[in-house]
Amino acid sequence: MSIKQLWKFSILFLKHPLLIFPTLNATKRTFAICNEHFGTAHNRSNAANAFRHALWNVLICRNTLKRTKNKQKSVFWAQKVGDLYEKVTQNKPLEEAMDLHNNAVGRIYFLNLIDKTEEEIVSFTLEKMKNAKKVANIEEMERYRIEMFYLEE
C-alpha cells in the first residue's frame with residue numbers, strides 16, 4: 001500500500017479504534033482459510049476469490065459484533081472497510097465491481113450466520129461458492145443479486 005492509501009485506512013481506524021484488531025484478525029483468518037483451501041488461487045478473479053471476499057466480510061462482521069453489540073453497525077463497518085479497500089487498491093472497474101458485490105454477499109450471509117461457528121460459516125460459504133456464476137460484464141452482474149460471481153476460471 002502507498003502512504004496515501006495507508007493514511008486513508010489510518011483515518012478510518014482512528015475513528016473506530018476498538019474495531020482495528022477484530023478487523024485485522026478477520027483479515028488474517030480469511031487469508032489463512034483461503035490459503036488452506038485454495039493455495040494462492042484465490043488471488044485471481046475466480047470463484048476462490050469470490051469466496052475470499054464473501055468470507056472476509058462475514059468474519060469482519062462476526063468479529064466486530066463482539067464490540068459493536070449491533071449487527072447493523074457491524075455490517076456498516078464491514079462495508080466501510082471493504083469499500084475503502086476496493087477504492088485504494090485501484091483494480092480494473094470490472095474486478096472492483098465483482099469484489100464489491102462479493103463483499104456485499106458476505107454481509108448478507110453474515111445476517112444468516114450470526115449464531116454459527118467459524119467452521120459452519122466456512123462450510124456454508126464453500127457450499128455457496130459452488131453456485132457462483134461466471135460473468136463477463138456489468139450487465140450480467142446485475143442478474144445475480146445474492147450469489148457470488150467471478151470473472152475467470
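The model is predicted. A search of the whole structure finds four salt bridges.

**Salt bridges**

- The side chains of Glu118 and Arg29 form a salt bridge, with an N to O distance of 2.8 Å. Glu118 belongs to helix α6 (residues 118-129) and Arg29 to helix α2 (residues 20-38), so this pair ties together parts that are 89 residues apart in sequence.
- Glu118 is partly exposed at 22% relative accessibility, and Arg29 is partly exposed at 36%.
- Arg44 and Glu152 form a salt bridge whose closest N and O atoms are 4.0 Å apart. Arg44 lies in the loop between α2 and α3, and Glu152 lies in the segment after β2, 108 residues apart.
- Arg44 has a relative accessible area of 43%, while that of Glu152 is 33%.
- In the salt bridge of Glu147 with Lys133, the closest N and O atoms are 3.7 Å apart. Glu147 is in the loop between α7 and β2, and Lys133 is in strand β1, 14 residues apart.

**Packing of helices α4 and α5**

- The axes of helix α4 (residues 71-89) and helix α5 (residues 93-113) come within 10 Å and cross at roughly 165 degrees. Angles over 145 degrees count as roughly antiparallel, and α4 and α5 are therefore roughly antiparallel to each other.
- The contact residues include Val75, Ala78 and Gly82 of α4, and Leu100, Asn103 and Phe110 of α5.
- The residues of this contact comprise five nonpolar, three polar and six charged.

How values were computed
Residues are numbered from 1 along each chain as its sequence is written. This is a predicted model: local features need pLDDT of at least 70, side-chain atom pairs count only at pLDDT 80 or more; totals for chains, interfaces and linings use all residues. Side-chain values use heavy atoms; hydrogens and water are left out. Axes are lines fitted to C-alpha atoms, for helices over the stretch in contact, and angles run from 0 to 180 degrees between N-to-C directions. Helices (H or I, at least four residues) and strands (E, at least two) are DSSP runs, numbered from the N terminus. Angles under 35 degrees count as roughly parallel, over 145 as roughly antiparallel, 65 to 115 as roughly perpendicular and the rest as oblique. Contact means heavy atoms within 4.5 Å. Ala, Val, Leu, Ile, Met, Phe, Trp, Tyr, Cys and Pro count as nonpolar, Asp, Glu, Lys and Arg as charged, and the others, Gly among them, as polar. Buried means under 20% relative accessible area, exposed over 50%, partly exposed in between (1.4 Å probe, protein chains only).
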